[in-house]
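Q: Could you take me through this structure? I am new to it.
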Amino acid sequence: CGPPSSCPGARAPPTGPDAPAWSPVTTWRDALQGLAADDVAQLDRALGFRLGREDLVRSLIDPRGHLFQRLEYVGDSILDAVVVSELVRLEPWDEPSLALVNGEQQAMVSDHALGRVAARRGLPRVRTFQASRHRLADRIEAAIGALWVDRGIEDAATAAYDLVVRSALDGLPRRSDLPEAGRADRYEEASRQLGHEPVEPVWFGAAAEAGPARRRLAVVGDSVIEAAMSTAQYVEQPEANEAVLSEERRGATSNATLARRAHDLHLERRHDDRADRRAMADEVQALVGAVAMDGGIRAALLVASGVLGRTFAPGPLALPA
């Protein structure tokens, strides 16, 4: 981005008669030539961000291998959380059907839709092999994962919105009204216990009350919990592949596991038996969804990580040793 003084958040170089002359720092980008330089510049333009880590950029230019697979895995879950958080705002909170949310989510993150995004944004073509539509779609998800690793969750969520959500929902107004609900102190207390101080209590009241609003919040919470698990796994298990990660995530986010957490957090309203596990899991998912509506994705991921007992990883992440 030029001299350090011109970069947002950067420290200005020392000044005065004894200060050394400033000179640009040589980076891996400076050594790029020919097609490699063209592809990286095209990737920067397509994403609207300039990734700093060479390993992340190379994995997106040549989308295969262990790192690409892991970036796609985590980017897919971050994208889902952003998409669902936006889709629930299209309808009133008392709308009982989730058909629009479920249908639009599947359409927006399908291989066909994400392949169109890759083409429309002008991602550099894959030069090392004939990439399928599925692989091109994975490339969009991997780019979101790479932005989380390189720049943090806020930039990754912004990229997910800009790349996928903005054009898909262009012109459709998102509602800003709140659901009708009373106070629910135990949900507010559970949020505090997990690291988020409630701002608008009505979200937590809606999470506590049976009905359409809670079901809609639970859909958001379910996607955020998966994203929290995926980001934690990326940090904690650097050698694991997608198949191993997916199997572990299924167990960690199952109804049985979340029902136990509902009990621990004093959110359950029913007897803790097998027939009620789905309903009890909904309580925890609705809590996380309420935090997402109240405080945004970073706050929701913090709370979801606490629910799971896993590392909260907002990013950016340090280079591996």
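A: Contact here means heavy atoms within 4.5 Å. Please note that this is a predicted model.

Q: With that in mind, which residues is Glu-141 in contact with, leaving aside its neighbours within four places in sequence?
A: Glu-141 is in contact with Leu-71, Glu-72, Gly-75, Asp-76, Leu-79, Val-109 and Leu-114, when neighbours within four places in sequence are left aside. Glu-141 itself is found in helix H6, residues 133-151.

Q: What is the nearest side chain of opposite charge to Glu-141, and how far away is it?
A: That side chain is Arg-135, 9.6 Å away. Glu-141 is buried yet has no salt bridge.

Q: Changing topic, how many aromatic pairs does the structure hold?
A: The structure holds two aromatic pairs. Trp-93 and Trp-203 form an edge-to-face pair, with 5.2 Å centre to centre and 70° between the planes.

Q: Where do Trp-93 and Trp-203 lie?
A: Trp-93 lies in the loop between helix H3 (66-87) and helix H4 (99-108), and Trp-203 in helix H9 (residues 201-208), so the pair ties together parts that are 110 residues apart in sequence.

Q: And what about Trp-148 and Tyr-234?
A: They form an aromatic pair that is edge-to-face, at 5.3 Å centre to centre and 80° between the planes. Trp-148 lies in helix H6 and Tyr-234 in helix H10 (residues 212-236), so this pair links parts that are 86 residues apart in sequence.

Q: Are Trp-148 and Tyr-234 buried or exposed?
A: Both Trp-148 and Tyr-234 are buried.

Methods: Residues numbered from 1 in each chain as written. Heavy atoms only, no water. Helix = DSSP H or I, 4+ residues; strand = E, 2+ residues; numbered from the N terminus. Buried < 20%, exposed > 50% of the residue type's maximum accessible area, 1.4 Å probe, protein only. Lys, Arg positive; Asp, Glu negative; His and termini not counted. Salt bridge = Lys/Arg side-chain N within 4 Å of Asp/Glu carboxyl O. Phe/Tyr/Trp six-rings, centres within 6.5 Å; stacked < 30°, edge-to-face > 60°.
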